[in-house]
Amino acid sequence: MQAMISIENVSKSFLAKGAEAFTALDDVSMRIRDREFFTLLGPSGCGKTTLLRIVAGFDFPSAGTVRIEGADSSALPPQKRPVNTVFQSYALFPHMTVAENVAFGLRMQKVVKSDRQARVAEALRLVRLESMASRLPGQLSGGQQQRVAVARALAPRPKVLLLDEPLSALDLKLRREMQGELKRLQQETGITFILVTHDQEEALAMSDRIAVMSAGRVLQMGAPREIYDNPKSRFVADFIGESNVLPGAIVGHGSDIMVAVRPERIALSMLASGLPGKIRGTITSITYLGLDTLYEITLDNGERLRSRSRQSISGLDAGQPVILDWPSDAERHLAN
């Protein structure tokens with residue numbers, strides 16, 4: 001599939017008066033496909049928002065190249081790029097109606113009135129707010145305001161829509177609802193979406209592919225299931241979901257390694273059951289989480305592990321010794 005965005009060896013450093021230069025991006029390369037929902041995922045300060053701003057044209061790389069549809073766009077200002085951005089703060093004009101907010105960018109582009117009205121109607125239909133075109137932003141809920149911001153960004157028909165943590169201000173239930181709405185919009189419009197988030201569940205739910213970032217570098221890139229099931233480093237294993245990380249060795253080689261096992265792959269049974277197991281421990285706590293139950297276990301060597309089960313296991317209580325077991329295909333060897 002054709003690359004919509006090509007990021008080639010991009011670095012970005014910031015100079016502060018009286019301080020050493022800070023490197024926000026360190027030799028980052030990636031190709032983002034046409035019609036793809038792509039997510040930049042990582043903790044605060046990892047460089048994901050800086051990379052998004054460079055794609056948008058709000059910042060320029062210290063080194064490297066950004067290509068949009070094959071053309072070098074590294075030095076182009078935002079208005080010269082076929083890109084639009086939805087920010088964390090929706091920045092709606094409070095004195096304008098919903099329709100006027102959506103039309104604002106089209107007015108700046110001097111789109112004729114008949115086309116402008118048609119595009120506003122189309123954008124509001126996409127976000128399911130046709131009936132609220134005459135309302136002011138103050139008369140809308142947070143989720144509705146977010147939809148207006150998306151409609152305003154879609155109205156100019158960009159090739160790429162950039163989303164900078166657009167759901168972070170919403171409560172959990174509404175955030176999950178809007179995740180589905182954004183995925184629907186991306187599929188319906190066929191526009192390339194690039195999302196920035198620190199929320200791994202959000203990234204897993206919405207993305208075609210994810211780039212996991214840390215300290216200005218891309219540690220791993222791939223489909224959500226690939227990254228979840230096959231993390232390549234301890235950072236990725238810890239950041240994407242939960243992982244138990246244990247020291248191990250490669251039999252016959254004597255090489256020390258780190259092994260990751262997801263909590264949902266660890267089975268528990270009572271010590272007195274006589275069942276075989278890999279290791280022993282004692283249940284420290286049991287927490288009911290609705291969808292599943294979390295067991296925290298302290299191993300005989302003092303290390304702590306977590307096990308998750310979709311149902312409470314009969315007869316297991318805090319303070320009870322247990323056997324832990326998992327299939328060999330649940331183990332993932334990690335790079336340090």
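These questions and answers cover the helix packing in a predicted model. Local features need pLDDT of at least 70, side-chain atom pairs count only at pLDDT 80 or more, and totals for chains, interfaces and linings use all residues. Residues are numbered from 1 along each chain as its sequence is written, and side-chain values use heavy atoms, with hydrogens and water left out.

Me: What share of the residues in the protein is buried?
Reply: Buried means under 20% relative accessible area, with a 1.4 Å probe and protein chains only. The protein has 336 residues. The buried share is 47%.

Me: At what angle do α2 and α4 pack?
Reply: α2 spans residues 98–108 and α4 spans residues 142–154. Axes are lines fitted to C-alpha atoms over the stretch in contact, and angles run from 0 to 180 degrees between N-to-C directions. The axes lie 7 Å apart, and the angle is about 35°.

Me: Which residues of α4 make the contact with α2?
Reply: Contact means heavy atoms within 4.5 Å. On the α2 side, V98, N101 and V102 take part. On the α4 side, the residues are V148, A151 and R152.

Me: Why do the buried residues of α3 lie on the same side?
Reply: The buried residues are R116, R119, V120, A123, L124 and L126. The arc is that of the directions from the helix axis to the C-beta atoms. They share a side of α3 because they cover an arc of only 155°.

Me: Which helices do the buried residues of α3 pack against?
Reply: α3 runs over residues 113–126. Helices here are DSSP runs of H or I, at least four residues, numbered from the N terminus. The partners are α2, α4 and α5 (172–189).

Technical notes:
Helix = DSSP H or I, 4+ residues; strand = E, 2+ residues; numbered from the N terminus. Expected span 1.5 Å × (residues − 1). Buried < 20%, exposed > 50% of the residue type's maximum accessible area, 1.4 Å probe, protein only.
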